Amino acid sequence: MSETQAQMSMNENDGNKLVYKTNGLNLWYGENHALKDIQLHVVENEVTAIIGPSGCGKSTYIKTLNRMIELIPGVKTTGEILYRGRNILDKTYPVEELRTKVGMVFQKPNPFPKSIYENVVYGPRIHGIRDKKILDQIVEKSLRGAAIWDEVKDRLQTNAYGLSGGQQQRLCIARCMAIEPDVILMDEPTSALDPISTLKVEELLQELKKNFSIIIVTHNMQQAARISDKTAFFLNGEVIEFTKTSKIFSNPSDKRTEDYITGRFG
Ligand SMILES: Nc1ncnc2c1ncn2[C@@H]1O[C@H](COP(=O)(O)OP(=O)(O)OP(=O)(O)O)[C@@H](O)[C@H]1O
């Protein structure tokens, strides 16, 4: 892709910057064709939701965006995923650099068996930050950003396993923010949480999108409708519809989308 083309694709979508642009992505697990000709883009400072029935390829897709997918043996891809204009599927793309830009939060909170403080400074330490004052600042900023500072500020040296599930998930979001990523990928981040913790994480996402671009896989359609700017509906490895969330939930273009969001299948 020429520089002009890359610039043009960055400027798509009414002048808003594109973070990701997926072009003709196919993915196979051995013989299983799990993603088929995916076209999708992610706009800066938006929440992009991915919905669809079990097994339609949502997690597979999100795991291509930080190349975690290549840890699975026998996976083959074709097509391209441009991140800030560069194809991350190109084998020469530095994957370590990508992982500093793209953080991930998983379905089940997965703090390390360490103190709250050590969880947050883990990434920055790997990136060579040693100064205690700077680490302290990162801890406070990240925990505040993840809306959990007030709950934990007096127990930073206690083990993260002592936190509730909802607090652990917000700690994991703080850990992710501590490396100052550009994008946060979330794979069903609230499915293991109670309704109050879910609400807290949803409110947090609205704050986070001011500084980050967020891609979230969710089984919960009300959640997608509440929190996202755009929604992609996946079915059998294909993107059936990708548009503004308000449109997809009020006036979908495809009968299959309508059937899914009205609960006729899935
Ligand atoms: N590690 C793997 N090895 C082989 N096939 C896999 C692997 N992971 C997923 N698949 C297959 O790829 C397809 C898509 O799975 P994926 O997990 O991406 O779906 P999903 O939409 O995230 O499902 P769910 O909502 O149940 O989490 C399915 O057919 C699944 O069986």
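**Exercise 1. How many bridges join strand S1 to S2?**

Solution. Begin with the conventions: this is a predicted model, in which local features need pLDDT of at least 70 and side-chain atom pairs count only at pLDDT 80 or more, while totals for chains, interfaces and linings use all residues. Residues are numbered from 1 along each chain as its sequence is written. Helices (H or I, at least four residues) and strands (E, at least two) are DSSP runs, numbered from the N terminus, and two strands pair if DSSP finds at least two bridges between them. Strand S1 (residues 18–29) is joined to S2 by eight bridges, and the two run antiparallel. Within this pairing, Tyr20 stands opposite Val42 in S2.

**Exercise 2. Find the order of the strands in the open sheet, and its edges.**

Solution. Four strands form the open sheet, in the order S2-S1-S4-S5, with antiparallel pairing. Strand S2 (32–43) and strand S5 (86–87) each have a single partner strand and stand at the edges, so one side of each is left without a neighbour in the sheet.

**Exercise 3. Check the span of helix H5 and locate its buried face.**

Solution. The expected span of a helix is 1.5 Å times one less than its number of residues. For the 14 residues of H5 (residues 132–145) this should give 20 Å, which agrees with the 20 Å between its end C-alpha atoms. Next, call a residue buried if 20 or more other C-beta atoms lie within 10 Å of its own, exposed if 12 or fewer, and partly exposed in between, with C-beta atoms placed from the backbone. By this rule Ile138, Val139, Ser142, Leu143 and Gly145 are buried in H5. Seen down the helix axis, the buried residues of H5 fall within an arc of 155° (taken from the directions from the axis to the C-beta atoms), so they line one face of the helix. The face turned away from that buried side carries the exposed residues Lys133 and Gln137. Just after H5, Ala147 takes a positive phi of about 55°.

**Exercise 4. Which elements give two or more residues to the shell around the ligand?**

Solution. A residue is near a molecule if its C-beta atom, placed from the backbone, lies within 6 Å of it. The residues around the ligand include Tyr29, Asn32, Ala34, Lys58, Ser59 and Thr60. The elements that give two or more residues to this shell are S2 and helix H2 (58–64). The largest share, three residues, comes from H2.
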